[in-house]
Amino acid sequence: MKKLIWVLAWAFTLGACSSTPTPVAPVVNDFEAQRYLGKWYEILRLPHSFEDGLESVSAEYRLNADNSIEVTNRGYHVADGEWQTAIGHAVPVDNAMYRVTFFWPFDGGYYVSWLQTDEQGNYQVSVVTSDSHDYFWLLARTPTIAEETIEEIKAKAKAWGFETDRMIRVDHTAGSN
């Protein structure tokens, strides 16, 4: 039941967004979806009802034959002691810009606003924004990243108009028993 509520909350929240891309933060140039695929850990986010009580949140991205991306979000609901999963579908709109839906016909903007790469050029840290200042996620390939990187991202987020004092650090030890 909690899983259904999480999916519906995602759907109705994203459904409030415009179907025309209107990013509130910069969008990266020269984005390569193939390099973005795989598992990412949520490090920092703005609070949302659809993620209330969730820790150990991750997202996994898989490329479909039509160049759309399947998104599997997973988080551990601490109070219920169970994992919740939501599967979505992201359609490319432009470079690093997608429309994502978790419950048709509702969709929302998914924009990669910042990337950090390793020495080999692999994407390691990502900032995702949407069509309003209510949506912000800092993602990484590992459950922890350098504090300096988090502070750098928070400074960027503040300059872009996000309320950084409301951001939540995600605990990745929950559900690991």
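Ala-96 lies in the loop between β4 and β5, where helices (H or I, at least four residues) and strands (E, at least two) are DSSP runs numbered from the N terminus. The model is predicted: local features need pLDDT of at least 70, side-chain atom pairs count only at pLDDT 80 or more, and totals for chains, interfaces and linings use all residues. Residues are numbered from 1 along each chain as its sequence is written, and side-chain values use heavy atoms, with hydrogens and water left out.

**Positive phi values**

- Ala-96 has a positive phi of about 65° although it is not a glycine.
- Most residues other than glycine have a negative phi.
- Ala-96 counts as buried because its relative accessibility is 1%; buried means under 20% relative accessible area, exposed over 50%, and partly exposed in between, with a 1.4 Å probe and protein chains only.
- Ser-56, which is found in strand β2, also has a positive phi, near 50°, and is a residue other than glycine.
- With a relative accessible area of 8%, Ser-56 is buried.

**The chain as a whole**

- The protein chain has 3 helices and 9 strands.
- Along the sequence, these elements follow the pattern α-α-β-β-β-β-β-β-β-β-α-β.
- Of the 177 residues of the protein chain, 48% count as buried.
- The protein chain exposes about 8,600 Å², of which carbon and sulfur atoms supply 51%; accessible areas come from the Shrake-Rupley method with a 1.4 Å probe, and for residues only the protein chains shown count as cover.
- Among contacts (heavy atoms within 4.5 Å) between residues at least 6 apart in sequence, 58% join residues at least 24 apart.

**Nonpolar cores**

- The largest nonpolar core has 25 residues, and those with the most contacts inside it are Phe-31, Tyr-36, Tyr-61, Ile-69, Tyr-110, Val-112 and Leu-139. A nonpolar core is a set of buried Ala, Val, Leu, Ile, Met, Phe, Trp, Tyr and Cys residues joined through side-chain atoms within 4.5 Å.
- At least two residues of this core come from each of α2 (33–36), β2 (54–63), β3 (69–77), β4 (82–94), β5 (97–103), β6 (106–117), β7 (123–129) and β8 (136–140).
- A second, separate core of 17 residues includes Val-125, Val-127, Trp-160 and Met-167.
- Not counting residues up to four places away in sequence, Leu-139 touches Tyr-36, Trp-40, Tyr-41, Glu-42, Ile-43, Tyr-61, Tyr-110, Gln-124, Val-125, Ser-126 and Val-128.

**Cavities**

- The structure holds 2 cavities of 30 Å³ or more. On a 1 Å grid over the protein atoms alone, a cavity is a set of points where a 1.4 Å probe fits but cannot get out, and lining residues have an atom within 4 Å of a point.
- About 50 Å³ of space lies in the second largest cavity; grid points are joined across faces, edges and corners, and a volume is the space filled by probe spheres set on the points.
- Phe-31, Tyr-36, Tyr-61, Ile-69, Val-71, Ala-90, Tyr-98 and Tyr-110 line the second largest cavity.
- This lining has 8 nonpolar, no polar and no charged residues. Ala, Val, Leu, Ile, Met, Phe, Trp, Tyr, Cys and Pro count as nonpolar, Asp, Glu, Lys and Arg as charged, and the others, Gly among them, as polar.

**Trp-40 and Ser-58**

- Trp-40 is found in strand β1 (residues 38–45) and is buried, with a relative accessible area of 0%.
- Leaving aside neighbours within four places in sequence, the contacts of Trp-40 include Ser-58, Tyr-61, Val-125 and Leu-139.
- The C-alpha atoms of Trp-40 and Val-57 are separated by 8.9 Å, while the two residues are 17 residues apart along the chain.
- Ser-58 belongs to strand β2 and is buried, at a relative accessible area of 10%.
- Beyond neighbours within four places in sequence, Ser-58 is in contact with residues including Lys-39, Trp-40, Thr-72 and Arg-74.

- Val-27 lies in the loop between α1 (2–15) and α2 and is partly exposed, with a relative accessible area of 22%.
- Leaving aside neighbours within four places in sequence, Val-27 is in contact with Asn-95, Ala-96, Met-97, Tyr-111, Val-112 and Ser-113.
- Thr-149 is in helix α3 (residues 147–159) and counts as buried at 11% relative accessibility.
- Apart from neighbours within four places in sequence, Thr-149 is in contact with Trp-114, Gln-116 and Val-125.

Notes: On a 1 Å grid over the protein atoms alone, a cavity is a set of points where a 1.4 Å probe fits but cannot get out, and a pocket is an open set with protein on both sides within 12 Å along at least five of seven lines; lining residues have an atom within 4 Å of a point.
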